[in-house]
Amino acid sequence: MKGLALGVDLGGTNARAAVVDRATGEIVASHKEPLRERGPEAVVATVLHALGQAAGAAGIAPASAGRVGVGVAGQVLGATGVVMNAPNLGWRDVAFGTLLEKALGVPVRVANDLSVAAWGEKRFGAARGIEDVVLVFVGSGVGSGLILGGRLHDGAQGVAGELGHIKVRLPRPGFTPRRCGCGQLGCLEAYTSGVNVAARVREEIAAGAATRVLELVEGDLARVTASVVEEAHALGDAYAVALWDEVAELLGLSVANLVTLLNPARLILGGGVLLGAPRLADLTLRRFDEAVSRSATRGLTVERAWLGDDAGVIGAAVLE
Ligand SMILES: [Zn+2]
């Protein structure tokens, strides 16, 4: 049907499909389905079902809205629809776009989840009407979406904007950096994402680190999250203070370098860790201010993401 578009947000645990009004970005209907199995065929079946449910709720057939856009939490090879690497799905080089296209019978456009989120914010959210935008998300993963000159910038292979996988630590004799979900060592994500921060705190407590995090989770290490570190930080816990100083320095410096390099008019910050841990966000912004080139901050505005969890599915639906 004219005026409506279908989008899918494919994360590591759920597939969410939505019917979106192309003119307003409003979600007309949506359906979220857990991924019981993560094999590509099983995920195609789950996505098809979610699309069918969402379209049905809006009173349209899934194939009637034209091309379907999908945002995937992983590295996507641009227009080919091949997901090179999606750690949460356990995928390497999966031709997901082709598989879904065959099953659905309409063209499918696959892109990185943060690229589609940036596009959603550009069309209907915190970056509306702005031509040069950098969106940075720090949640269970870390990444960025880049809009340059009004267009989504995805690079020669479609993997531009992978801020989570820039290196912030390199191996040297006697030191091995933390391993990232992408397989490489020393990535920003390995030091700053919610999942990796929690894993590190668990390891360090198990190795004898003294911190109030342990009381806050009542000795249950499975309950350690970035929010608990934030709580310990508020109590003045020395371990949490040192950890947040390190994480804020790495994030602040990395985002500042990205802004210095690309000169966006707007920087949008989002993701559960940055939005859910205000002390960390504050420290990060202070480090950002110290590190960013003065010339790149003229006319720069920093905003929180407006569309929240909806940015991906909306951006995917209206992707050009
Ligand atoms: Zn990595």
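Student: In what order do the five strands of the open sheet stand?

Tutor: Strands of a sheet pair through backbone hydrogen bonds, either parallel or antiparallel. Here the order is 3-2-1-4-8, and the pairing is mixed. Strands (E, at least two residues) and helices (H or I, at least four) are DSSP runs numbered from the N terminus; two strands pair if DSSP finds at least two bridges between them. This is a predicted model, in which local features need pLDDT of at least 70 and side-chain atom pairs count only at pLDDT 80 or more, while totals for chains, interfaces and linings use all residues. Residues are numbered from 1 along each chain as its sequence is written, and side-chain values use heavy atoms, leaving out hydrogens and water.

Student: Which are the edge strands?

Tutor: Strand 3 (27-34) and strand 8 (108-112), each of which pairs on one side only. Strand 3 runs antiparallel to strand 2 (residues 14-21), joined to it by seven bridges. Within strand 3, lysine 32 is the bridge partner of arginine 16.

Student: Is alanine 316 buried or exposed?

Tutor: Alanine 316 is buried, as its relative accessible area is 1% (buried means under 20%, exposed over 50%, partly exposed in between, with a 1.4 Å probe and protein chains only). Alanine 316 sits in helix 12 (residues 311-317).

Student: Which residues does alanine 316 touch?

Tutor: Leaving aside residues up to four places away in sequence, alanine 316 is in contact (heavy atoms within 4.5 Å) with Gly7, Val8, Gly69, Val70, Gly71 and Val116.

Student: Which residues have the most contacts inside the largest nonpolar core?

Tutor: Val136, Val201, Trp244 and Leu267, in a core of 48 residues (buried Ala, Val, Leu, Ile, Met, Phe, Trp, Tyr and Cys joined through side-chain atoms within 4.5 Å). Helix 8 (residues 238-262) gives the most to this core, twelve residues. Among the residues that valine 201 touches are Val213, Tyr239 and Leu243.

Student: What are the protein donors of the zinc ion?

Tutor: Donors are N, O and S atoms within 2.8 Å of the metal (3.2 Å for Na, K and Ca), with water not among the atoms, so sites may look incomplete. For this zinc ion they are His165 (ND1), Cys180 (SG), Cys182 (SG) and Cys187 (SG), at 2.0 to 2.4 Å. Their spacing along the chain is H-x14-C-x1-C-x4-C. Cysteine 180 and cysteine 182 are both buried.

Student: Why is the arrangement around the zinc ion tetrahedral?

Tutor: Because the four donor atoms subtend angles of 103 to 122 degrees, and four donors count as tetrahedral if all angles lie between 85 and 135 degrees.

How values were computed. Tetrahedral: all angles 85-135°; square planar, octahedral: opposite > 155°, others 65-115°.
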